[in-house]
Amino acid sequence: MPIQFPSGCLGNGVAVGDFNHDNKLDIATIASTEGVNVCLGNGDGTFQNAVVYDQFIFHQHVMTGDFNNDGNLDLAVSDQGGISILLGKGDGTFQSGIPTGLNASFPIFTLGDFNNDGKLDVAAITASGIAVLLGTGDGRFGSPIVSTAPSGAALLVAGDLNKDGNLDLVTSNSSTNSISVLLGRGDGSFQFPVSYGVYGFLGPLILGDINGDGNLDVAVLPQNTERMDVLFGKGDGTLGPVTGFFSGDFPTGIAAGDFTGDGDLDLAVLNNPAQKLTVFLNLR
């Protein structure tokens, strides 16, 4: 039975985490007007009404992480001038956003420790390139470290594709029908992007060990198609040729998880506007 969300929980984008240490998952969404909605979970699939933070400020993208290493989840959000961090108090409430400026309006970003200092950083797509904000451990950041971005970079994810202990980036590039790998140097900078052509105008992508060989692979959804493209990683930062799978009509979202409990990674693809979910069970 579908669950109706209470007032204010719906929004653009969603992040999930236990914000008040009660072992019940909570959600944060971007308000359709202004602010960030936080809805604490009741533990039965329902949620309390939203409490709004950063009121009167427009945001677009939200992720969770511990930016001050206090054991409490914080929120990272994009805004009109860059990135803001809302530090969590551990009781389900949050402080006002700490803004950091970037050469981008509502930048798409991802999180990770890109210089291996134990502090969470931000990598964002900007007009200048891929900008990494190295965390100082208090919700603030140093000056951006900018690396060359592939043409048309629209989305990005982080993972260690060549097993050197440094996080790398993979971008989907909407204007060039390609994905790109940027190998991390371990200091917040990245090598020049290496691109791989895929089928059609690109949308969401994820990283995961899909074929169970210990190497990270890339799954990406070409938009307005009926397919999912997978590029299997070789473990040295390079990717193999595209393998296409039928995904159902108009794939718009993708997630990974072990849905059968057999230890293998499965994939779920959201089909919109058909309002269907296509699940790929790993039968290796």
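Visitor: Is Asp229 buried or exposed?
Guide: Here buried means under 20% relative accessible area, exposed over 50%, and partly exposed in between (1.4 Å probe, protein chains only). Asp229 has a relative accessibility of 0%, so Asp229 counts as buried.

Visitor: And where do these numbers come from?
Guide: This is a predicted model, so local features need pLDDT of at least 70 and side-chain atom pairs count only at pLDDT 80 or more, while totals for chains, interfaces and linings use all residues. Residues are numbered from 1 along each chain as its sequence is written, and side-chain values use heavy atoms, with hydrogens and water left out.

Visitor: Which residue forms a salt bridge with Asp229?
Guide: A salt bridge takes a side-chain nitrogen of Lys or Arg within 4 Å of a carboxyl oxygen of Asp or Glu. For Asp229, the closest N and O atoms of the pair are 2.6 Å apart.

Visitor: How many salt bridges does the rule count?
Guide: Asp138 is partly exposed at 33% relative accessibility, and Arg140 is partly exposed at 44%. The count comes to two.

Visitor: On to pockets: which strand gives the largest share of the lining of the largest pocket?
Guide: On a 1 Å grid over the protein atoms alone, a pocket is an open set of points where a 1.4 Å probe fits, with protein on both sides within 12 Å along at least five of seven lines, and lining residues have an atom within 4 Å of a point. The largest pocket is lined by 22 residues, with Gly13, Val14, His61, Val62 and Met63 nearest its centre. Elements giving two or more residues to this lining include strand 1 (12–17) and strand 5 (59–65), strands being DSSP runs (E, at least two residues) numbered from the N terminus. The largest share, five residues, comes from strand 5.

Visitor: How many charged residues are in the lining of the largest pocket?
Guide: Ala, Val, Leu, Ile, Met, Phe, Trp, Tyr, Cys and Pro count as nonpolar, Asp, Glu, Lys and Arg as charged, and the others, Gly among them, as polar. On that scheme the lining has 15 nonpolar and seven polar residues, and the number of charged ones is none.

Visitor: What is the volume of the second largest pocket?
Guide: Its lining has 13 residues, and Ile210, Phe245, Phe280, Leu281 and Asn282 lie nearest the centre. By class, the lining divides into 10 nonpolar, two polar and one charged. Volume is the space filled by probe spheres set on the grid points, which are joined across faces, edges and corners. For the second largest pocket, that is about 180 Å³.

Terms used: Helix = DSSP H or I, 4+ residues; strand = E, 2+ residues; numbered from the N terminus.
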